[in-house]
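Visitor: I am new to this structure and would like to learn how to read it. Please show it to me.

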Amino acid sequence: MNKIKILAAAVALSFCTSTMVFAQGNTLDIDSFISNNISDTYKVKKADISIKQAENSHDQAVKNASSYSDQFNDDLDSYTKLTIRQQIAITPRQAEFSIYKYTKEKEIVENKVKLDAYTQYEAIMNTKDVLELQQQKFDHSEQLYNSAKLKLNLGVVTEADVKQAEAAYYDAKAQLNKAQRGYDIQIMKLNQIFDIDVYVKYDTLLKDKVAETPYIRSYDDYLNDALENRGEIVIGQENIKLKEFEYNIIKGIYPSKYETSNKIGQYNLDKAKDTLELDKLYIANNINELYNNLQVKCKALDSKKDTLKLTETNYSIALAKYNAGVMSRIDFDSQKIGLRAAQNDLKSLQRDIWIAQFQLNIACGMGSDTSKITY
């Protein structure tokens, strides 16, 4: 009796250890998961810090401005006048721009996290399908192996036939283990995006992000939205306003366009305008690439659907034969595997299309390109 209790305790301890590591029993709703965890990611927290620092700089600049305002008078030399004007007006205005810039960039960072998360979730769903298909293939190979051994006892097949079935069985088992590892790795990668314990697992995946009947607007519609809403555009426009504000103050003290300070102010304004125009060209190229990518994927959709329809027809024929007793269970299971493979192919493409649409829609809003964010 004591041995039984000890064994039971050991099993229970083993189970508890496993559950602590793998956190079984979790349900993953990807939309809620993103909403609940995005603010705690390192990149978003970093954006919040930049916004807070900019707000502190603005508050300090406003305080300093009041002390500098009493120092300004017409008897000062031009250099001192400009220096004081910068402290009174330009520095607080620059801090306001920084707050605006970092706030918009935070939206870009959040979009990037969302895009990464949904893309990774697509990989999870694809590997889950692969895992389930490999389970079917393993079960089928096990049936074939057991059947071969039974037939050997009946003298219907040779030892070589059994060895071949055995090799196929162990190969299927290896592929199943590989698929399980692949699925676990994709889960870990999703957890990494949100800086949570990589060993957390999810027993139930609630949603599948697929585009069964995708809707594509015209390229011009997407481009026009992007050229109005993208972070590069709205930040660039605000930067031009800042440089115009700075230049107007400089011109008030150095009106001649040949003065060095005037030239610097004009150069900074021109540079801001040129940067915005370059960003527009980059955005147009980006939208074009995303739009073409979506179109290519959508064009392949009909072919995948036709393949699935043909496979479903073959499956229906096989089902009728199986029900009529003229097809074995093993042969019928082969048709089931073929049907599942075709279903997986279609689902994978529909997920790719959903991601392509999501990425294009984000690119027409604030965007998700964090390459220019330097904080």
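Visitor: How many nonpolar, polar and charged residues does the lining of the largest pocket have, by class?

Guide: This is a predicted model, in which local features need pLDDT of at least 70, side-chain atom pairs count only at pLDDT 80 or more, and totals for chains, interfaces and linings use all residues. Residues are numbered from 1 along each chain as its sequence is written, and side-chain values use heavy atoms, with hydrogens and water left out. Rolling a probe the size of a water molecule over the atoms shows where empty space is left. A pocket is an open set of points on a 1 Å grid over the protein atoms alone where a 1.4 Å probe fits, with protein on both sides within 12 Å along at least five of seven lines; lining residues have an atom within 4 Å of a point. Here the lining has 6 nonpolar, 5 polar and 6 charged residues.

Visitor: Which residues lie nearest the centre of the largest pocket?

Guide: They are K101, E105, I235, D279 and K372, among 17 lining residues. The space in this pocket is about 340 Å³. α7 gives the most to the lining, with 5 residues.

Visitor: At roughly what angle do the axes of helix α8 and helix α10 cross?

Guide: Angles run from 0 to 180 degrees between N-to-C directions, and those over 145 count as roughly antiparallel. The axes of α8 (residues 260-299) and α10 (residues 329-363) come within 9 Å and cross at roughly 160 degrees, so the two helices are roughly antiparallel to each other.

Notes
Helix = DSSP H or I, 4+ residues; strand = E, 2+ residues; numbered from the N terminus. Parallel < 35°, antiparallel > 145°, perpendicular 65-115°, else oblique. Points joined across faces, edges and corners; volume = space filled by probe spheres on them. Nonpolar A, V, L, I, M, F, W, Y, C, P; charged D, E, K, R; others polar.
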